[in-house]
Amino acid sequence: MAIMITDECINCGACEPECPNTAIYEGGVEWTWGGGTELNEVDFGDGTVVSGKAPQAPVSNEFYYIVSDKCTECMGFHEEPQCAAVCPVDCCVPDPEHVEEEDTLLAKKAWLHAEA
């Protein structure tokens, strides 16, 4: 499953530089699919194609947040999610809304980083 940041976040920013997928953003900051990945564009399979550089609306305006579609729980990079490992208040927790198996997370990593 993806990781989420709870409203207990103190906005310290320790998690952001630890994410190998650049899936963590400061509250109120727009994000992109391409930031920190190899994605030039994203095809959603329904005819919608989005540029990897196109700004996306922030998930939260108050706290740091994780884009669940970019989160791989650090699978293929580290033994544990690095955001959770460095969080001083333990607010980086599994997101029950985005449960994914290890194979799915590894496939997402491969997709994000253009691994064949």
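These legends accompany close-up views of a predicted model.

View 1. For D90, look in the loop between α1 (82-86) and β6 (92-94). D90 has a relative accessible area of 58%, so it counts as exposed, the cut-off for that label being over 50%.

**View 2. Two tyrosines, Y25 and Y65, form a stacked pair.** A search of the whole structure turns up four aromatic pairs, and one of them joins Y25 and Y65. Their ring centres are 5.8 Å apart, with 25° between the planes; the pair counts as stacked because the angle is under 30 degrees. The two residues come from distant parts of the chain, 40 residues apart: Y25 sits in strand β2 (residues 24-25) and Y65 in strand β5 (residues 65-66). Both Y25 and Y65 are buried.

**View 3. W33 and F44 meet edge-to-face.** In this pair the ring centres lie 6.0 Å apart and the planes make an angle of 70°, so the arrangement is edge-to-face. W33 belongs to the loop between β2 and β3 (41-43), while F44 belongs to the loop between β3 and β4 (49-51), eleven residues apart.

**View 4. An aromatic cluster takes in W33 and F44.** Step back from the pair and you will see W31 and W111 as well, which form one aromatic cluster with W33 and F44.

Definitions and conventions:
Residues numbered from 1 in each chain as written. Predicted model: local features only at pLDDT ≥ 70, side-chain atom pairs only at ≥ 80, totals over all residues. Heavy atoms only, no water. Helix = DSSP H or I, 4+ residues; strand = E, 2+ residues; numbered from the N terminus. Buried < 20%, exposed > 50% of the residue type's maximum accessible area, 1.4 Å probe, protein only. Phe/Tyr/Trp six-rings, centres within 6.5 Å; stacked < 30°, edge-to-face > 60°.
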